[in-house]
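Please keep the structure in view while reading.

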Amino acid sequence: IGSGAFGGCVALTSCMVPDVVHTIGGNAFLGCIGLTTVTIGNGVTEIADDAFEGCWGLKNVKFGNSVASIGKYAFSGCSGLTSLTIPKSVTSIGDYAFGACIGLNDVTFEGDDPDVGSYIFNNANPNVYFLPDTVGWDFTYVFSPVLLWNPTASPADPRFGITNGRFGFNISGTPNIKVVVEEFTNLDAGPWVAVSTNTLIGGSSYFVDPGVVKNTGDYYRFRTP
């Protein structure tokens, strides 16, 4: 997708970049203020400078699993973003890539600490989560707090089970991480439904399913915010 290809298309509301695309060029979607959802295909390896800058209506971005570099100011000014998951394929993020994303609360990195430019979260202060068995992380990340995302729930815990007609369990992990609990009745199907977001104040939080206990089995899983 060439430089400036869709720049200023203010009525564009969603974009699904196919797997055959390898590069999203500079300014490709600059100023597309009506854009709310972007899905980036698994063939894309580069998101160039300013690619989505100024898309302040953007709320959801799903990166493909081959993105290696995110350019300077790539998502700067996308104030509608509240959370992001950066795939483990990303090895570099340019200056101010997510600058002025003032609504950004949570960013999860699935891989090792990438090379980053200056102030990638300028005027934003999200919680930065990293996963077990990844390397290079420190306690702060370009001025944002860094937290190991490692929630667990043990059936051996005495609070695991049904109390007052509701099923619940204790979630333990790094203090102050957020954990979204999802539920469904079939492990192999979907869609999984988010039923609770728990913050592990002091390293733990008790989850209670808001629904009544059913005779059929329910399954639960954790995901990042």
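The side chains of Asn198 and Ser196 are joined by a polar contact of 2.5 Å; such a contact is a pair of N or O atoms within 3.5 Å, where one must be able to donate a hydrogen and the other to accept it, and residues adjacent in sequence count only if both atoms are side-chain atoms. The side chain of Asn198 makes another polar contact, with the side chain of Ser205.

| Side-chain pair | Polar contact |
|---|---|
| Asn198 and Ser196 | 2.5 Å |
| Asn198 and Ser205 | 3.0 Å |

The model is predicted: local features need pLDDT of at least 70 and side-chain atom pairs pLDDT 80 or more, while totals for chains, interfaces and linings use all residues. Residues are numbered from 1 along each chain as its sequence is written, and side-chain values use heavy atoms, without hydrogens and water.

Asn198 lies in strand S17 (residues 193–199); strands are DSSP runs (E) of at least two residues, numbered from the N terminus. Asn198 counts as buried because its relative accessible area is 5% (buried is under 20%, exposed over 50%, partly exposed in between, with a 1.4 Å probe and protein chains only).

Nonpolar side chains tend to be buried together in soluble globular proteins. Here the largest nonpolar core has 42 residues; a core is a set of buried Ala, Val, Leu, Ile, Met, Phe, Trp, Tyr and Cys residues joined through side-chain atoms within 4.5 Å. Ile47 and Phe63 are among those with the most contacts inside this core. A second, separate core of 11 residues includes Tyr129 and Phe207.

Methods:
Helix = DSSP H or I, 4+ residues; strand = E, 2+ residues; numbered from the N terminus.
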